[in-house]
There are 2 protein chains.
Amino acid sequence: MISKNTVKFIKSLQIKKYRQKENVFLVEGAKNVLELVKSDFKINQLFLTETFLEENRHLIPDSNFPINVVKEGDLTKVSTFKTNNAALAIVEMRHEESLSFDKDEYGIVLDDIRDPGNLGTILRVADWYGIRKIICSETSADRYNPKVIAASMGSFTRVRISYQILGNYLPGLSIPVLGAYLEGENVHQFKFPKSGLILIGNESAGISQPLEKMVAHKLNIPRFGGAESLNAGVATAVICDNLRRTVTV
Amino acid sequence: MISKNTVKFIKSLQIKKYRQKENVFLVEGAKNVLELVKSDFKINQLFLTETFLEENRHLIPDSNFPINVVKEGDLTKVSTFKTNNAALAIVEMRHEESLSFDKDEYGIVLDDIRDPGNLGTILRVADWYGIRKIICSETSADRYNPKVIAASMGSFTRVRISYQILGNYLPGLSIPVLGAYLEGENVHQFKFPKSGLILIGNESAGISQPLEKMVAHKLNIPRFGGAESLNAGVATAVICDNLRRTVTV
């Protein structure tokens, strides 16, 4: 059983206002919780089913936080998932300061990515391609939204995120900005520099006009059929894959 | 106003059982409805806001189906979207027969892709890369699920889909199956044949064991960081992008 007050508290954390007030967020599901316990995030409480605990006891570190063993039905009730037969954690937020970039490093910059599923997918893509830092416009989805965490499949533990006013932030960096556009240099032929920031625009509006003058290269993913555009997470992955053909980590 | 019975009817079409009974499905949102009216799908009814109708009257063909002008609030009430300020259509299903492949053609095969958002994204990716046919296992998401249509961003009108028992269907085709695996030939170096079927496995379990012996080449997307896997839509796009570097449409 999870007490009425705890149910109410956990459910409140689905909303940004309450996450910010309490300075904690939710991590749900087996994969994400198993990545969480390996990371340096500070866990306040774990809620686990008996089956999950038995199967994964050796992976869960000795801790000074409470581990609550609960029924699957009770876990599902407080979860944003349709069913949760594994785990949920309440975790302390980590506030990133301004991130800096080395002379041979790549980062991703997100201009107003609104959909939490897209942000989570982009975290997973960045992590796959060895990109460890993401700069988000302040209008982008909240990194602690449960849908971001879910879609990241554990990558939220490895990729650092900083929210910035991009128009002020980008000019201060001395590495080139490569923008994803529907026209521009063919990404199959583009010679990627040894460092760069891959800039991805909003799901419908693309990269906002004021940022265009900060873009050193407009990159285009060649199109062979009828679709007008690609999903933001997909476009990020295709550009990263082209990058990693020549510039490896 | 939308009558009570019509509200009930439209809402019932969110569920597969009722779609199959009525042989119709829903298309929602500006982009999807504008692609729909250009296609050869048979529309039974359109529900549009006045603003959408005024802006797009020239794009909507003369028709023998009813066009209902409704308030945004009423449209949102029957829509699966959080808000729908544009359009919704009731459309007749198209049942694809078995699809055949030319000697110089590529197709995508989906083994148990369960998430409708993933299927919709894969339709959009296929359409971008000029792949016009998708074979789905019978356990895959329903092509007429509103989330598939939404995520496809109009590509559902251009990409043909057939549901098949893959274990029976694949051996009858004479073009090589290229499977997406977490190990195998590096897709950056792989020499794509002039025709092929790109096989994508289930979101958690990958390609099912019995299909493995039908795979001519196991393809691997090189990994540079900590993520264990890529999302199914993302993996499809990266493989198609590598394919189209050498084998164009």
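Me: What makes β5 and β10 of chain B a pair, and in which sense do they run?

Reply: Two strands pair if DSSP finds at least two bridges between them. Strand β5 (residues 106–110) and strand β10 (residues 196–200) of chain B are joined by five bridges and run parallel, so they count as a pair by that rule. In this pairing, B:Val109 sits opposite B:Leu199 of β10(B). A strand here is a DSSP run of E of at least two residues, a helix one of H or I of at least four, both numbered from the N terminus.

A word on the model: it is predicted, with local features needing pLDDT of at least 70 and side-chain atom pairs pLDDT 80 or more, while totals for chains, interfaces and linings use all residues. Residues count from 1 along each chain as written, chains are lettered from A and ligands numbered from 1 in written order, and side-chain values use heavy atoms, without hydrogens and water.

Me: What is the strand order of the open sheet in chain B, and why are β7 and β9 said to stand at the edges?

Reply: The seven strands follow the order β7-β6-β5-β10-β8-β11-β9, with parallel pairing. β7 (160–164) and β9 (185–186) of chain B each have a single partner strand, so one side of each lacks a neighbour in the sheet.

Me: Which unit do β6, α7 and β7 of chain A make?

Reply: They form a right-handed β-α-β unit, with α7 covering residues 146–152. "Right-handed" means that, with the strands pointing away from the viewer, the path from the first strand over the helix to the second runs clockwise. The two strands, β6 (residues 133–137) and β7 (residues 160–164) of chain A, pair in parallel over five bridges.

Me: How many residues of the two chains are in contact, and how much area do the chains bury?

Reply: With contact meaning heavy atoms within 4.5 Å, 34 residues of chain B touch 34 residues of chain A. Buried area is the accessible area (1.4 Å probe) that two parts lose on being put together, summed over both. Here the chains bury about 3100 Å², 58% of it on carbon and sulfur atoms. On the chain B side, B:Trp128, B:Phe224 and B:Arg245 lose the most area to chain A, together 28% of what that side buries.
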